Each structure stands twice: as C-alpha cells, then as structure tokens.
Amino acid sequence: LGDVYKRQVTNRASFWSGSGTYPHETCPHYRGNAESGKGDPMCAAGKLSKTQQLKERWEEGELDCGSITPEFIKGLSPRELGMLGELIAIDYFNERGYTLLEQGYRCSEGEADLVLLDELDDVVVMAEVKTRRVALDCTTRVFPEEAVDAQKQRRYRRIASCYLMEHYPLKAIRFDAVGVTIRGGHIAEIEHQYNAFDWQVS
C-alpha cells in the first residue's frame with residue numbers, strides 16, 4: 001500500500017491534495033532585505049553549511065514563492081536537494097499525524113533519513129527519502145522502491161538494530177520509503193510506500 005500526493009512546495013501548511021496544482025499568483029512573493037542578506041535563500045549564516053542554512057530557512061518559513069523558483073531548485077547541490085526532499089517529507093508526515101523523532105539519525109552502521117512515530121499503528125518508522133528534480137512537463141517521477149535497493153535494506157536493518165539498542169525498550173520498527181519528485185520548482189509529488197521491506201531477508 002502507498003500514497004501518491006502532489007503539493008505546491010511553497011505553500012507548505014495545508015496544500016496536500018490529489019491534484020495539488022495551485023496558481024503561482026496565490027502566493028505572495030518573498031521580498032527579503034537585500035542588506036541583511038535575507039533575500040538570498042542560501043546566504044551565509046555564521047558557520048552553517050548551505051544544507052543547514054536551507055533547513056533553517058525552511059523551518060522559519062523564509063522559503064516561499066519568491067525564493068523557491070525553478071532556478072533555485074536547479075542550483076541546489078545533490079545534498080541540498082536531498083535535504084529539501086526530507087523537509088517536504090517531514091511536512092507530509094506531520095500532516096498525517098506522525099511525530100518526527102530524529103532527522104539524520106546516525107550510528108556506526110550508517111544514517112537513516114527520518115525516524116518517526118506512527119501513533120496510529122503504535123510503531124516507530126524509519127523512512128528513506130529519495131528526491132529528484134525534473135522539468136514541469138517531464139513524465140518521470142521517483143518511485144519509493146528506488147530508494148531502498150537490497151544493499152540499502154541490509155544497511156537499514158543494521159541501523160535499526162543500533163537504534164533499538166540505544167532506545168530499549170522500544171516499540172516495533174517499520175521501514176517505509178518515500179519518493180519526492182520536484183517539478184519545475186513549485187510542485188512536489190510524493191509517493192509513500194508503507195512496509196517497503198521488513199526485518200527478514202527475502
């Protein structure tokens with residue numbers, strides 16, 4: 001089972017829907033203060049990396065129609081694009097009642113993109129997020145299963161074992177996969193695959 005949703009990236013609060021196409025004019029453009037650097041979505045902020053700057057601006061609501069443009073998306077590095085995909089996925093999960101426990105959980109076995117609590121199923125979820133940017137008229141999209149090949153599944157099982165030991169006793173763990181396709185800078189399509197794989201090697 002899984003969900004397929006589209007949304008406008010820049011209207012994050014409540015615009016998930018089946019079609020999710022909203023006119024650009026409905027969003028006020030962001031006009032930052034050029035002197036302070038706030039008009040530049042990737043301006044320097046102390047010693048924060050560009051990826052962390054992006055995360056901070058997203059969480060503070062400073063990334064909107066005036067800053068997230070096709071040119072902005074095109075200029076993101078792979079790491080920055082991956083961070084944006086994770087932030088979009090976090091909003092998606094939040095709107096469905098999940099609680100984010102950790103983003104970028106790390107242990108000796110590697111890193112899990114998102115660790116969340118699914119209170120409805122009473123289970124901890126480890127989610128891998130794969131993000132791709134495409135042109136608005138491109139038919140390509142990201143399938144969640146692309147995010148978790150056999151090698152990554154083995155690694156996630158080891159990461160989950162570490163998480164269990166660090167947080168014992170713990171509820172059951174579920175492995176999900178999320179594919180995020182960003183089209184033309186404004187539309188994000190999300191495919192969420194529940195139980196993408198389990199503890200047992202098939």
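Okay, let's start with a word we'll need: two residues are in contact when they have heavy atoms within 4.5 Å of each other. With that in hand, among the contacts in this chain between residues at least 6 apart in sequence, 62% join residues at least 24 apart.

Quick housekeeping. This is a predicted model, where local features need pLDDT of at least 70 and side-chain atom pairs count only at pLDDT 80 or more, while totals for chains, interfaces and linings use all residues. Residues are numbered from 1 along each chain as its sequence is written, and side-chain values use heavy atoms, with hydrogens and water left out.

So, the overall layout. The chain has four helices and seven strands; helices here are DSSP runs of H or I with at least four residues, strands are runs of E with at least two, and both are numbered from the N terminus. Going along the sequence, you read β-β-α-α-α-β-β-β-α-β-β. Of the 202 residues, 47% are buried, meaning under 20% relative accessible area, with exposed being over 50% and partly exposed in between (1.4 Å probe, protein chains only).

Now look at strand β5, residues 123-134. Nine of its 12 residues are buried. On one side, β5 runs antiparallel to β4 (residues 110-118), with five bridges joining them; two strands pair if DSSP finds at least two bridges between them. Val115 stands opposite Met126 in β5. These two strands make a hairpin with four residues between them, and Asp122 in the turn has a positive phi of about 55°. β5 also pairs with β6, but parallel this time, through 11 bridges. There, Thr131 stands opposite Val180.

On to the cores. A nonpolar core is a set of buried Ala, Val, Leu, Ile, Met, Phe, Trp, Tyr and Cys residues joined through side-chain atoms within 4.5 Å. In soluble globular proteins, nonpolar side chains tend to be buried together. The largest core here has 28 residues, and Leu54, Leu84, Ile88, Phe93 and Leu114 have the most contacts inside it. At least two residues each come from α1 (50-59), α2 (70-74), α3 (78-94), β4, β5, β6 and β7 (187-197). Helix α3 gives the largest share, nine residues. Apart from this core lies another one, of 18 residues, with Val115, Met126, Ala160 and Phe197 among them.

Ala160 takes us to helix α4, residues 150-166. Its 17 residues reach 25 Å from first C-alpha to last, close to the 24 Å expected at 1.5 Å a residue; that expected span is 1.5 Å times one less than the number of residues. The buried residues of α4 include Tyr156, Ile159, Ala160 and Tyr163. They pack against β3 (99-107), β4, β5, β6 and β7.

Last stop: Arg174, in strand β6 (residues 173-183). Is Arg174 buried or exposed? Arg174 counts as buried because its relative accessibility is 6%. Its side chain makes polar contacts with the side chains of Tyr98, at 3.2 Å, and Asp176, at 2.8 Å. A polar contact is a pair of N or O atoms within 3.5 Å; within protein, one must be able to donate a hydrogen and the other to accept it, and residues adjacent in sequence count only if both atoms are side-chain atoms. Leaving aside neighbours within four places in sequence, Arg174 is also in contact with residues including Asp118, Asp121, Met126 and Tyr194.
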